[in-house]
Amino acid sequence: MSGSTGISRFLPSGKTLVIAIPVIWLLVFFLIPFAVVFKLSLSEAAIARPPYLPIMEWDEEGILTFALNISNYFYLLEDDLYLSAYLQSMRIAFISTALCLLIAYPMSLAIARATPAKRNLLLMLVILPFWTSFLLRVYAWIGILKTNGLLNNSLMWLGLIDQPLAIMQTDIAVYIGVVYTYLPFMILPLYTSLVKQDGALLEAAADLGARPVAAFFSVTFPLSFPGMAAGCLLVFIPVVGEFVIPALLGGPDTLMIGKVLWSEFFSNRDWPVASAVATVMLVVLVVPIMLLRLAQQADEVQA
Amino acid sequence: MNKRLSFLTISAALGFLFLYVPIISLIVFSFNESKLVTVWSHFSTKWYGELLNDAQILNAAWMSFKIGAISATAALVLGTIAALVLQRFGRFKSKTLLTGMISAPLVMPEVITGLSLLLLFVAMEAAFGWPAGRGFTTIIIAHTTFCMAFVAVVVQARLADMDNDQEEAAMDLGATPVRVFWDITLPTIAPALVSGWLLAFTLSLDDLVIASFVSGPGATTLPMLIFSKVRLGVTPEINALASLMILVVTIGVMAAAWVAHRSSVKAKELS
(Lines give C-alpha, C1' and ligand atoms only; values in the text may rest on other atoms or scores of the structure.)
Protein backbone atom coordinates (compact mmCIF):
# COMPACT_ATOMS: atom_id res chain seq x y z
CA MET A 1 0.00 0.00 0.00
CA SER A 2 2.60 2.48 1.11
CA GLY A 3 4.78 1.24 -1.76
CA SER A 4 2.16 2.03 -4.41
CA THR A 5 1.43 5.50 -3.06
CA GLY A 6 5.19 6.02 -2.95
CA ILE A 7 5.47 5.20 -6.64
CA SER A 8 2.37 7.11 -7.70
CA ARG A 9 3.61 10.09 -5.78
CA PHE A 10 6.97 9.75 -7.50
CA LEU A 11 5.61 9.41 -11.04
CA PRO A 12 3.95 12.79 -11.61
CA SER A 13 6.83 14.62 -10.00
CA GLY A 14 9.27 12.72 -12.25
CA LYS A 15 7.17 13.75 -15.23
CA THR A 16 7.11 17.36 -14.04
CA LEU A 17 10.88 17.29 -13.66
CA VAL A 18 11.34 16.06 -17.23
CA ILE A 19 8.97 18.77 -18.51
CA ALA A 20 10.82 21.37 -16.44
CA ILE A 21 14.19 20.75 -18.14
CA PRO A 22 13.40 22.21 -21.60
CA VAL A 23 10.88 24.73 -20.22
CA ILE A 24 13.37 26.25 -17.78
CA TRP A 25 16.23 26.24 -20.30
CA LEU A 26 14.13 28.09 -22.90
CA LEU A 27 12.67 30.48 -20.31
CA VAL A 28 16.15 31.48 -19.15
CA PHE A 29 17.93 31.55 -22.52
CA PHE A 30 15.14 32.46 -24.92
CA LEU A 31 12.24 34.30 -23.28
CA ILE A 32 13.83 36.23 -20.39
CA PRO A 33 16.51 37.72 -22.70
CA PHE A 34 13.73 39.59 -24.53
CA ALA A 35 12.75 41.19 -21.22
CA VAL A 36 16.38 42.19 -20.73
CA VAL A 37 16.42 43.76 -24.21
CA PHE A 38 13.24 45.69 -23.43
CA LYS A 39 14.61 46.87 -20.10
CA LEU A 40 17.83 48.05 -21.71
CA SER A 41 15.95 49.91 -24.44
CA LEU A 42 14.63 52.14 -21.64
CA SER A 43 18.02 53.07 -20.25
CA GLU A 44 20.51 55.69 -21.26
CA ALA A 45 23.73 55.11 -23.14
CA ALA A 46 26.94 55.98 -21.30
CA ILE A 47 30.67 55.62 -21.72
CA ALA A 48 31.07 52.79 -19.26
CA ARG A 49 31.43 49.05 -19.08
CA PRO A 50 28.78 47.88 -19.95
CA PRO A 51 27.93 51.04 -21.93
CA TYR A 52 24.63 52.09 -20.34
CA LEU A 53 23.23 53.58 -17.11
CA PRO A 54 21.15 51.48 -14.73
CA ILE A 55 17.39 52.07 -14.65
CA MET A 56 17.08 51.55 -10.91
CA GLU A 57 19.45 53.12 -8.44
CA TRP A 58 19.62 53.75 -4.68
CA ASP A 59 20.39 57.41 -4.23
CA GLU A 60 22.35 58.90 -1.30
CA GLU A 61 19.32 58.99 0.97
CA GLY A 62 18.59 55.34 0.35
CA ILE A 63 15.59 55.98 -1.85
CA LEU A 64 15.11 53.77 -4.87
CA THR A 65 14.93 55.94 -7.94
CA PHE A 66 13.84 54.90 -11.38
CA ALA A 67 15.27 56.56 -14.44
CA LEU A 68 13.11 55.24 -17.24
CA ASN A 69 13.58 56.97 -20.49
CA ILE A 70 11.76 56.39 -23.70
CA SER A 71 14.01 58.80 -25.56
CA ASN A 72 15.54 55.90 -27.50
CA TYR A 73 12.17 55.26 -29.10
CA PHE A 74 11.70 58.96 -29.91
CA TYR A 75 15.15 58.87 -31.43
CA LEU A 76 14.04 56.02 -33.74
CA LEU A 77 11.07 58.15 -34.83
CA GLU A 78 13.05 61.34 -35.34
CA ASP A 79 15.78 59.93 -37.50
CA ASP A 80 14.50 58.90 -40.96
CA LEU A 81 17.19 56.24 -41.13
CA TYR A 82 15.32 53.82 -38.88
CA LEU A 83 11.87 54.14 -40.41
CA SER A 84 13.21 53.77 -43.94
CA ALA A 85 15.35 50.79 -42.84
CA TYR A 86 12.25 49.07 -41.40
CA LEU A 87 10.24 49.81 -44.54
CA GLN A 88 13.02 48.71 -46.87
CA SER A 89 13.52 45.47 -44.90
CA MET A 90 9.81 44.71 -45.14
CA ARG A 91 9.80 45.50 -48.86
CA ILE A 92 12.85 43.33 -49.57
CA ALA A 93 11.40 40.51 -47.44
CA PHE A 94 8.01 40.77 -49.18
CA ILE A 95 9.36 40.84 -52.75
CA SER A 96 11.85 38.02 -52.10
CA THR A 97 9.10 35.91 -50.54
CA ALA A 98 7.00 36.40 -53.67
CA LEU A 99 9.97 35.52 -55.91
CA CYS A 100 10.73 32.42 -53.82
CA LEU A 101 7.11 31.31 -54.16
CA LEU A 102 7.17 31.82 -57.95
CA ILE A 103 10.35 29.75 -58.33
CA ALA A 104 9.54 27.14 -55.69
CA TYR A 105 5.99 26.29 -56.78
CA PRO A 106 6.80 24.62 -60.13
CA MET A 107 9.87 22.96 -58.58
CA SER A 108 7.84 21.52 -55.68
CA LEU A 109 5.10 20.36 -58.04
CA ALA A 110 7.65 18.69 -60.33
CA ILE A 111 9.22 16.90 -57.34
CA ALA A 112 5.84 15.86 -55.93
CA ARG A 113 4.76 14.41 -59.30
CA ALA A 114 8.04 12.57 -59.98
CA THR A 115 8.32 8.80 -59.43
CA PRO A 116 9.07 7.93 -55.77
CA ALA A 117 12.67 6.92 -56.50
CA LYS A 118 13.40 10.16 -58.36
CA ARG A 119 11.52 12.12 -55.71
CA ASN A 120 13.99 11.17 -52.95
CA LEU A 121 16.98 12.11 -55.09
CA LEU A 122 15.46 15.49 -56.01
CA LEU A 123 14.55 16.20 -52.38
CA MET A 124 18.11 15.42 -51.34
CA LEU A 125 19.32 17.86 -54.02
CA VAL A 126 17.10 20.56 -52.46
CA ILE A 127 18.33 19.85 -48.94
CA LEU A 128 22.05 19.43 -49.73
CA PRO A 129 22.84 23.15 -50.29
CA PHE A 130 21.05 23.86 -47.02
CA TRP A 131 23.65 21.74 -45.26
CA THR A 132 26.62 23.55 -46.76
CA SER A 133 27.73 26.78 -45.15
CA PHE A 134 25.26 29.62 -45.65
CA LEU A 135 28.06 32.19 -45.35
CA LEU A 136 30.12 30.49 -48.04
CA ARG A 137 27.15 30.17 -50.40
CA VAL A 138 26.52 33.92 -50.10
CA TYR A 139 30.24 34.45 -50.66
CA ALA A 140 30.02 32.41 -53.88
CA TRP A 141 27.66 35.02 -55.32
CA ILE A 142 30.31 37.75 -54.90
CA GLY A 143 32.51 35.85 -57.36
CA ILE A 144 29.58 35.51 -59.77
CA LEU A 145 28.09 39.00 -59.59
CA LYS A 146 31.04 41.37 -59.23
CA THR A 147 32.15 43.63 -62.09
CA ASN A 148 34.75 41.21 -63.46
CA GLY A 149 32.88 38.20 -62.10
CA LEU A 150 31.66 35.03 -63.72
CA LEU A 151 28.32 36.40 -64.94
CA ASN A 152 29.69 39.56 -66.52
CA ASN A 153 32.62 37.71 -68.07
CA SER A 154 30.30 35.10 -69.60
CA LEU A 155 27.85 37.67 -70.96
CA MET A 156 30.65 39.75 -72.46
CA TRP A 157 32.27 36.65 -73.96
CA LEU A 158 28.93 35.75 -75.53
CA GLY A 159 28.74 39.30 -76.89
CA LEU A 160 25.40 40.01 -75.19
CA ILE A 161 26.75 43.10 -73.39
CA ASP A 162 29.80 45.34 -73.96
CA GLN A 163 29.79 46.96 -70.54
CA PRO A 164 29.82 44.88 -67.34
CA LEU A 165 26.49 45.07 -65.49
CA ALA A 166 26.65 46.73 -62.08
CA ILE A 167 24.78 44.13 -60.01
CA MET A 168 27.10 43.74 -57.06
CA GLN A 169 26.38 46.14 -54.17
CA THR A 170 22.85 46.86 -55.37
CA ASP A 171 19.44 45.69 -54.16
CA ILE A 172 19.31 43.23 -57.08
CA ALA A 173 22.29 41.36 -55.63
CA VAL A 174 20.50 41.27 -52.25
CA TYR A 175 17.36 39.83 -53.88
CA ILE A 176 19.41 37.17 -55.67
CA GLY A 177 21.21 36.24 -52.45
CA VAL A 178 18.01 36.12 -50.37
CA VAL A 179 16.01 34.09 -52.91
CA TYR A 180 18.94 31.73 -53.34
CA THR A 181 19.46 31.04 -49.63
CA TYR A 182 15.81 30.86 -48.61
CA LEU A 183 14.48 28.83 -51.58
CA PRO A 184 14.72 25.46 -49.74
CA PHE A 185 12.60 26.90 -46.87
CA MET A 186 9.82 27.52 -49.42
CA ILE A 187 10.21 24.27 -51.36
CA LEU A 188 10.06 21.88 -48.38
CA PRO A 189 6.66 22.89 -46.84
CA LEU A 190 5.17 23.36 -50.32
CA TYR A 191 6.36 19.93 -51.42
CA THR A 192 5.00 18.35 -48.21
CA SER A 193 1.54 19.79 -48.79
CA LEU A 194 1.57 18.91 -52.52
CA VAL A 195 2.78 15.34 -52.15
CA LYS A 196 0.07 14.34 -49.69
CA GLN A 197 -2.75 15.51 -51.97
CA ASP A 198 -4.98 12.71 -53.15
CA GLY A 199 -4.34 12.02 -56.86
CA ALA A 200 -7.94 10.77 -57.17
CA LEU A 201 -9.17 14.37 -56.86
CA LEU A 202 -7.34 15.35 -60.05
CA GLU A 203 -8.66 12.26 -61.83
CA ALA A 204 -12.18 13.14 -60.75
CA ALA A 205 -11.71 16.69 -62.07
CA ALA A 206 -10.44 15.27 -65.38
CA ASP A 207 -13.38 12.86 -65.58
CA LEU A 208 -15.72 15.78 -65.08
CA GLY A 209 -14.09 17.46 -68.06
CA ALA A 210 -11.66 19.90 -66.42
CA ARG A 211 -8.55 20.61 -68.45
CA PRO A 212 -5.23 20.14 -66.58
CA VAL A 213 -4.80 23.90 -66.07
CA ALA A 214 -8.36 24.30 -64.80
CA ALA A 215 -7.95 21.24 -62.55
CA PHE A 216 -4.73 22.73 -61.17
CA PHE A 217 -6.39 26.03 -60.27
CA SER A 218 -9.55 24.49 -58.82
CA VAL A 219 -7.97 21.52 -56.96
CA THR A 220 -4.19 21.49 -56.50
CA PHE A 221 -3.62 25.20 -55.91
CA PRO A 222 -6.29 25.82 -53.22
CA LEU A 223 -5.31 22.62 -51.38
CA SER A 224 -1.72 23.84 -51.13
CA PHE A 225 -2.63 27.07 -49.27
CA PRO A 226 -1.40 25.89 -45.82
CA GLY A 227 1.94 24.80 -47.31
CA MET A 228 2.24 28.09 -49.19
CA ALA A 229 1.43 30.11 -46.07
CA ALA A 230 3.98 28.20 -43.97
CA GLY A 231 6.65 28.56 -46.67
CA CYS A 232 6.03 32.30 -47.14
CA LEU A 233 6.28 33.00 -43.40
CA LEU A 234 9.37 30.80 -43.02
CA VAL A 235 11.03 33.04 -45.62
CA PHE A 236 9.53 36.42 -44.70
CA ILE A 237 10.23 36.47 -40.94
CA PRO A 238 13.98 35.76 -40.92
CA VAL A 239 14.60 37.88 -44.05
CA VAL A 240 13.25 41.00 -42.30
CA GLY A 241 16.15 40.76 -39.84
CA GLU A 242 18.73 39.44 -42.30
CA PHE A 243 22.26 40.76 -41.77
CA VAL A 244 24.81 38.66 -43.68
CA ILE A 245 23.29 38.99 -47.17
CA PRO A 246 22.92 42.82 -47.23
CA ALA A 247 26.34 43.14 -45.57
CA LEU A 248 28.11 41.05 -48.20
CA LEU A 249 26.10 41.63 -51.39
CA GLY A 250 24.33 44.95 -50.75
CA GLY A 251 25.74 48.41 -51.20
CA PRO A 252 25.72 51.49 -48.97
CA ASP A 253 22.14 52.24 -50.13
CA THR A 254 20.85 48.88 -48.98
CA LEU A 255 19.41 49.81 -45.62
CA MET A 256 18.14 46.76 -43.83
CA ILE A 257 17.20 46.84 -40.18
CA GLY A 258 19.45 43.89 -39.29
CA LYS A 259 22.42 45.82 -40.67
CA VAL A 260 21.37 48.98 -38.78
CA LEU A 261 21.09 47.04 -35.51
CA TRP A 262 24.51 45.48 -36.12
CA SER A 263 26.22 48.83 -36.69
CA GLU A 264 24.42 50.50 -33.74
CA PHE A 265 25.80 47.74 -31.58
CA PHE A 266 29.27 47.05 -32.99
CA SER A 267 30.28 50.43 -34.51
CA ASN A 268 28.42 53.00 -32.40
CA ARG A 269 28.41 50.84 -29.26
CA ASP A 270 24.98 52.28 -28.48
CA TRP A 271 23.44 49.30 -26.71
CA PRO A 272 20.19 51.05 -25.65
CA VAL A 273 19.38 52.19 -29.21
CA ALA A 274 20.27 48.72 -30.57
CA SER A 275 17.86 47.29 -27.98
CA ALA A 276 15.11 49.70 -29.01
CA VAL A 277 15.65 48.70 -32.67
CA ALA A 278 15.41 45.02 -31.67
CA THR A 279 12.27 45.60 -29.57
CA VAL A 280 10.47 47.34 -32.42
CA MET A 281 11.52 44.57 -34.84
CA LEU A 282 10.18 41.95 -32.44
CA VAL A 283 6.85 43.77 -32.12
CA VAL A 284 6.60 43.98 -35.92
CA LEU A 285 7.32 40.24 -36.23
CA VAL A 286 4.98 38.98 -33.48
CA VAL A 287 1.98 38.84 -35.81
CA PRO A 288 3.76 36.91 -38.62
CA ILE A 289 5.22 34.50 -36.02
CA MET A 290 1.73 33.80 -34.64
CA LEU A 291 0.38 33.37 -38.18
CA LEU A 292 3.12 30.81 -38.80
CA ARG A 293 1.90 28.77 -35.80
CA LEU A 294 -1.63 28.90 -37.23
CA ALA A 295 -0.46 27.83 -40.70
CA GLN A 296 1.49 24.91 -39.23
CA GLN A 297 -1.51 23.84 -37.14
CA ALA A 298 -3.77 24.02 -40.21
CA ASP A 299 -1.26 21.83 -42.04
CA GLU A 300 -1.28 19.28 -39.20
CA VAL A 301 -5.08 19.21 -39.18
CA GLN A 302 -5.16 18.67 -42.95
CA ALA A 303 -2.73 15.76 -42.58
CA MET B 1 -0.71 17.54 -70.46
CA ASN B 2 2.59 17.00 -72.19
CA LYS B 3 3.13 20.72 -72.54
CA ARG B 4 2.54 21.31 -68.84
CA LEU B 5 4.85 18.47 -67.86
CA SER B 6 7.63 19.95 -69.94
CA PHE B 7 6.98 23.36 -68.37
CA LEU B 8 7.38 21.75 -64.92
CA THR B 9 10.50 19.87 -65.97
CA ILE B 10 12.13 22.96 -67.44
CA SER B 11 11.37 25.16 -64.43
CA ALA B 12 12.62 22.45 -62.04
CA ALA B 13 15.81 22.08 -64.08
CA LEU B 14 16.37 25.86 -64.05
CA GLY B 15 15.68 25.93 -60.30
CA PHE B 16 18.26 23.26 -59.61
CA LEU B 17 20.72 25.03 -61.89
CA PHE B 18 20.21 28.19 -59.80
CA LEU B 19 20.83 26.19 -56.59
CA TYR B 20 24.00 24.54 -57.84
CA VAL B 21 25.84 27.02 -60.10
CA PRO B 22 27.29 29.01 -57.16
CA ILE B 23 28.45 25.87 -55.39
CA ILE B 24 30.06 24.45 -58.54
CA SER B 25 31.75 27.78 -59.32
CA LEU B 26 33.19 27.84 -55.76
CA ILE B 27 34.74 24.41 -56.27
CA VAL B 28 36.02 25.04 -59.82
CA PHE B 29 37.76 28.29 -58.91
CA SER B 30 39.39 26.76 -55.83
CA PHE B 31 41.64 24.92 -58.31
CA ASN B 32 42.51 28.10 -60.18
CA GLU B 33 46.13 29.14 -60.00
CA SER B 34 45.41 32.87 -60.34
CA LYS B 35 44.79 35.07 -57.33
CA LEU B 36 41.97 36.73 -59.28
CA VAL B 37 39.28 34.29 -58.32
CA THR B 38 37.11 34.56 -61.41
CA VAL B 39 39.75 34.68 -64.13
CA TRP B 40 40.90 31.19 -65.01
CA SER B 41 44.64 30.75 -65.53
CA HIS B 42 45.46 27.06 -64.98
CA PHE B 43 44.83 24.13 -62.69
CA SER B 44 46.58 24.19 -59.35
CA THR B 45 46.13 22.88 -55.83
CA LYS B 46 48.32 25.57 -54.27
CA TRP B 47 45.43 27.25 -52.39
CA TYR B 48 44.77 24.00 -50.55
CA GLY B 49 48.41 23.99 -49.51
CA GLU B 50 48.22 27.59 -48.30
CA LEU B 51 45.04 26.79 -46.42
CA LEU B 52 46.67 23.91 -44.54
CA ASN B 53 49.54 26.22 -43.52
CA ASP B 54 47.30 29.05 -42.33
CA ALA B 55 47.45 28.73 -38.55
CA GLN B 56 44.77 31.40 -38.03
CA ILE B 57 42.20 29.50 -40.10
CA LEU B 58 43.14 26.14 -38.59
CA ASN B 59 42.77 27.52 -35.04
CA ALA B 60 39.40 29.05 -35.82
CA ALA B 61 38.27 25.81 -37.48
CA TRP B 62 39.28 23.79 -34.41
CA MET B 63 37.45 26.27 -32.14
CA SER B 64 34.30 26.00 -34.29
CA PHE B 65 34.58 22.22 -34.35
CA LYS B 66 34.74 22.01 -30.53
CA ILE B 67 31.86 24.45 -30.09
CA GLY B 68 29.81 22.58 -32.72
CA ALA B 69 30.38 19.15 -31.17
CA ILE B 70 29.57 20.27 -27.61
CA SER B 71 26.52 22.39 -28.51
CA ALA B 72 25.13 19.75 -30.90
CA THR B 73 25.34 17.14 -28.14
CA ALA B 74 23.70 19.40 -25.55
CA ALA B 75 21.06 20.46 -28.11
CA LEU B 76 20.41 16.79 -28.92
CA VAL B 77 19.67 15.96 -25.27
CA LEU B 78 17.51 19.05 -24.62
CA GLY B 79 15.75 18.93 -28.00
CA THR B 80 14.93 15.22 -27.65
CA ILE B 81 13.48 15.79 -24.18
CA ALA B 82 11.38 18.68 -25.53
CA ALA B 83 10.14 16.56 -28.47
CA LEU B 84 9.30 13.64 -26.19
CA VAL B 85 7.46 15.87 -23.73
CA LEU B 86 5.40 17.53 -26.48
CA GLN B 87 4.63 14.32 -28.36
CA ARG B 88 4.13 11.75 -25.59
CA PHE B 89 3.16 13.53 -22.36
CA GLY B 90 -0.40 14.47 -23.34
CA ARG B 91 -1.64 17.76 -21.95
CA PHE B 92 0.22 19.70 -19.26
CA LYS B 93 0.17 23.23 -17.94
CA SER B 94 3.12 24.76 -19.76
CA LYS B 95 2.51 22.95 -23.09
CA THR B 96 1.45 26.03 -25.07
CA LEU B 97 4.38 27.98 -23.66
CA LEU B 98 6.85 25.22 -24.57
CA THR B 99 5.36 24.82 -28.07
CA GLY B 100 5.80 28.53 -28.69
CA MET B 101 9.29 28.73 -27.23
CA ILE B 102 10.51 25.72 -29.22
CA SER B 103 9.18 26.93 -32.60
CA ALA B 104 10.01 30.64 -32.35
CA PRO B 105 13.84 30.23 -32.46
CA LEU B 106 13.47 28.60 -35.91
CA VAL B 107 12.42 31.89 -37.51
CA MET B 108 13.71 34.48 -35.03
CA PRO B 109 16.11 36.87 -36.82
CA GLU B 110 19.63 36.07 -35.63
CA VAL B 111 20.42 39.68 -34.75
CA ILE B 112 17.63 39.63 -32.14
CA THR B 113 18.67 36.27 -30.66
CA GLY B 114 22.31 37.35 -30.56
CA LEU B 115 21.68 40.74 -28.95
CA SER B 116 19.20 39.39 -26.39
CA LEU B 117 21.54 36.59 -25.28
CA LEU B 118 24.49 38.94 -24.98
CA LEU B 119 22.47 41.33 -22.80
CA LEU B 120 21.35 38.37 -20.67
CA PHE B 121 24.95 37.22 -20.19
CA VAL B 122 26.04 40.74 -19.22
CA ALA B 123 23.15 41.03 -16.73
CA MET B 124 23.89 37.56 -15.30
CA GLU B 125 27.56 38.38 -14.87
CA ALA B 126 26.62 41.57 -13.01
CA ALA B 127 24.15 39.68 -10.79
CA PHE B 128 25.90 36.35 -10.05
CA GLY B 129 29.39 36.73 -11.51
CA TRP B 130 28.69 33.93 -14.01
CA PRO B 131 29.44 33.52 -16.89
CA ALA B 132 32.69 35.41 -16.24
CA GLY B 133 33.39 37.27 -19.46
CA ARG B 134 32.25 36.05 -22.84
CA GLY B 135 33.71 33.52 -25.25
CA PHE B 136 33.71 29.74 -25.56
CA THR B 137 31.06 29.02 -22.87
CA THR B 138 28.62 31.74 -23.89
CA ILE B 139 28.79 30.69 -27.57
CA ILE B 140 28.03 27.09 -26.53
CA ILE B 141 24.98 28.17 -24.47
CA ALA B 142 23.70 30.34 -27.35
CA HIS B 143 24.19 27.62 -29.97
CA THR B 144 22.61 24.95 -27.75
CA THR B 145 19.52 27.13 -27.38
CA PHE B 146 18.83 27.73 -31.06
CA CYS B 147 19.97 24.27 -32.20
CA MET B 148 17.70 22.45 -29.72
CA ALA B 149 14.69 23.88 -31.58
CA PHE B 150 15.85 22.26 -34.82
CA VAL B 151 16.58 18.94 -33.07
CA ALA B 152 13.09 19.04 -31.51
CA VAL B 153 11.44 19.49 -34.93
CA VAL B 154 13.34 16.54 -36.44
CA VAL B 155 12.72 14.21 -33.46
CA GLN B 156 9.07 15.27 -33.10
CA ALA B 157 8.41 14.39 -36.75
CA ARG B 158 9.90 10.92 -36.18
CA LEU B 159 7.89 10.39 -32.96
CA ALA B 160 4.68 11.42 -34.73
CA ASP B 161 5.32 8.85 -37.48
CA MET B 162 6.06 6.02 -35.05
CA ASP B 163 3.03 4.33 -33.52
CA ASN B 164 3.22 3.91 -29.76
CA ASP B 165 1.70 0.38 -29.61
CA GLN B 166 5.01 -1.11 -28.52
CA GLU B 167 5.53 1.56 -25.89
CA GLU B 168 2.04 0.98 -24.50
CA ALA B 169 2.47 -2.81 -24.58
CA ALA B 170 5.71 -2.52 -22.61
CA MET B 171 4.02 -0.23 -20.07
CA ASP B 172 1.15 -2.72 -19.70
CA LEU B 173 3.69 -5.45 -19.02
CA GLY B 174 5.05 -3.35 -16.18
CA ALA B 175 8.10 -1.62 -17.67
CA THR B 176 8.95 1.73 -16.09
CA PRO B 177 8.77 4.83 -18.34
CA VAL B 178 12.56 5.11 -18.17
CA ARG B 179 12.97 1.48 -19.28
CA VAL B 180 10.46 1.95 -22.11
CA PHE B 181 12.41 4.99 -23.28
CA TRP B 182 15.80 3.22 -23.34
CA ASP B 183 14.59 -0.12 -24.76
CA ILE B 184 11.93 0.93 -27.28
CA THR B 185 11.67 4.66 -27.99
CA LEU B 186 15.40 5.39 -28.25
CA PRO B 187 16.29 2.62 -30.76
CA THR B 188 13.30 3.57 -32.94
CA ILE B 189 14.14 7.27 -33.11
CA ALA B 190 17.91 6.67 -33.47
CA PRO B 191 18.07 7.75 -37.17
CA ALA B 192 16.28 11.01 -36.28
CA LEU B 193 18.77 11.54 -33.44
CA VAL B 194 21.69 11.12 -35.86
CA SER B 195 20.25 13.59 -38.37
CA GLY B 196 19.24 15.98 -35.57
CA TRP B 197 22.78 15.98 -34.19
CA LEU B 198 24.29 16.51 -37.64
CA LEU B 199 21.88 19.37 -38.36
CA ALA B 200 22.70 21.03 -35.02
CA PHE B 201 26.43 20.58 -35.63
CA THR B 202 26.19 22.14 -39.11
CA LEU B 203 24.11 25.08 -37.87
CA SER B 204 26.58 25.76 -35.06
CA LEU B 205 29.55 25.47 -37.42
CA ASP B 206 27.87 27.95 -39.79
CA ASP B 207 26.63 30.61 -37.38
CA LEU B 208 28.19 34.05 -37.74
CA VAL B 209 25.69 36.51 -36.27
CA ILE B 210 24.85 34.99 -32.88
CA ALA B 211 28.48 34.01 -32.24
CA SER B 212 29.66 37.55 -33.06
CA PHE B 213 27.33 39.01 -30.44
CA VAL B 214 28.05 36.59 -27.59
CA SER B 215 31.76 36.05 -28.27
CA GLY B 216 34.56 37.85 -26.50
CA PRO B 217 38.25 38.41 -27.11
CA GLY B 218 40.12 35.20 -27.81
CA ALA B 219 37.14 33.25 -29.12
CA THR B 220 37.10 33.65 -32.91
CA THR B 221 35.05 31.05 -34.71
CA LEU B 222 35.59 30.03 -38.34
CA PRO B 223 32.58 32.01 -39.71
CA MET B 224 33.78 35.13 -37.84
CA LEU B 225 37.22 34.77 -39.45
CA ILE B 226 35.78 34.04 -42.90
CA PHE B 227 33.48 37.08 -42.65
CA SER B 228 36.34 39.41 -41.79
CA LYS B 229 38.44 38.02 -44.67
CA VAL B 230 35.58 38.10 -47.19
CA ARG B 231 34.78 41.73 -46.37
CA LEU B 232 38.27 42.61 -47.60
CA GLY B 233 37.69 40.79 -50.88
CA VAL B 234 37.44 37.39 -52.50
CA THR B 235 40.40 35.07 -51.91
CA PRO B 236 40.96 31.65 -53.50
CA GLU B 237 41.96 30.28 -50.09
CA ILE B 238 38.35 30.71 -48.92
CA ASN B 239 37.23 28.85 -52.07
CA ALA B 240 39.51 25.96 -51.10
CA LEU B 241 38.09 25.99 -47.57
CA ALA B 242 34.52 26.05 -48.96
CA SER B 243 35.25 23.11 -51.27
CA LEU B 244 36.64 21.03 -48.41
CA MET B 245 33.57 21.80 -46.28
CA ILE B 246 31.23 20.92 -49.16
CA LEU B 247 33.10 17.63 -49.65
CA VAL B 248 32.77 16.71 -45.96
CA VAL B 249 29.07 17.62 -45.87
CA THR B 250 28.28 15.70 -49.07
CA ILE B 251 29.99 12.59 -47.70
CA GLY B 252 28.16 13.03 -44.39
CA VAL B 253 24.72 13.48 -45.97
CA MET B 254 25.25 10.54 -48.33
CA ALA B 255 26.42 8.34 -45.43
CA ALA B 256 23.37 9.36 -43.38
CA ALA B 257 21.05 8.59 -46.33
CA TRP B 258 22.76 5.20 -46.77
CA VAL B 259 22.34 4.38 -43.05
CA ALA B 260 18.66 5.38 -43.20
CA HIS B 261 18.19 3.27 -46.35
CA ARG B 262 19.91 0.27 -44.71
CA SER B 263 17.81 0.49 -41.56
CA SER B 264 14.56 0.73 -43.56
CA VAL B 265 15.58 -2.32 -45.63
CA LYS B 266 16.38 -4.19 -42.40
CA ALA B 267 13.04 -3.20 -40.90
CA LYS B 268 11.26 -4.56 -44.00
CA GLU B 269 13.19 -7.85 -43.78
CA LEU B 270 12.23 -8.24 -40.14
CA SER B 271 8.53 -7.62 -40.59
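Mentor: Welcome! This is a predicted model, in which local features need pLDDT of at least 70, side-chain atom pairs count only at pLDDT 80 or more, and totals for chains, interfaces and linings use all residues. Residues are numbered from 1 along each chain as its sequence is written, while chains are lettered from A and ligands numbered from 1 in the order in which they are written.

Trainee: Which helix gives the most to the side of chain B that touches chain A?

Mentor: The contact takes 67 residues from chain A and 62 residues from chain B, where two residues are in contact if their C-beta atoms, placed from the backbone, lie within 7 Å. Several helices of chain B each supply at least two residues, among them α3 (55–88), α8 (177–206) and α11 (236–270); helices here are DSSP runs (H or I, at least four residues), numbered from the N terminus. With 14 residues, the one that gives the most is α1(B).

Trainee: How far apart do the C-alpha centres of the two domains of chain B lie?

Mentor: An automatic or database domain assignment sets the bounds, giving domain 1 (74–233) and domain 2 (236–271) in chain B. In their contact, 7 residues of domain 1 of chain B meet 6 residues of domain 2 of chain B. On the domain 1 side, α8(B) gives the most, with 4 residues. The C-alpha centres of these two domains are separated by 22 Å.

Trainee: Is A:Pro116 buried or exposed?

Mentor: A:Pro116 sits in helix α4 (residues 116–131) of chain A. A residue is buried if 20 or more other C-beta atoms, placed from the backbone, lie within 10 Å of its own, exposed if 12 or fewer, and partly exposed in between. Because A:Pro116 has 7 other C-beta atoms within 10 Å, this residue is exposed.

Trainee: What distance separates the C-alpha atoms of A:Pro116 and A:Phe134?

Mentor: Along the chain, A:Pro116 and A:Phe134 are 18 residues apart. Between their C-alpha atoms, the separation is 29 Å.
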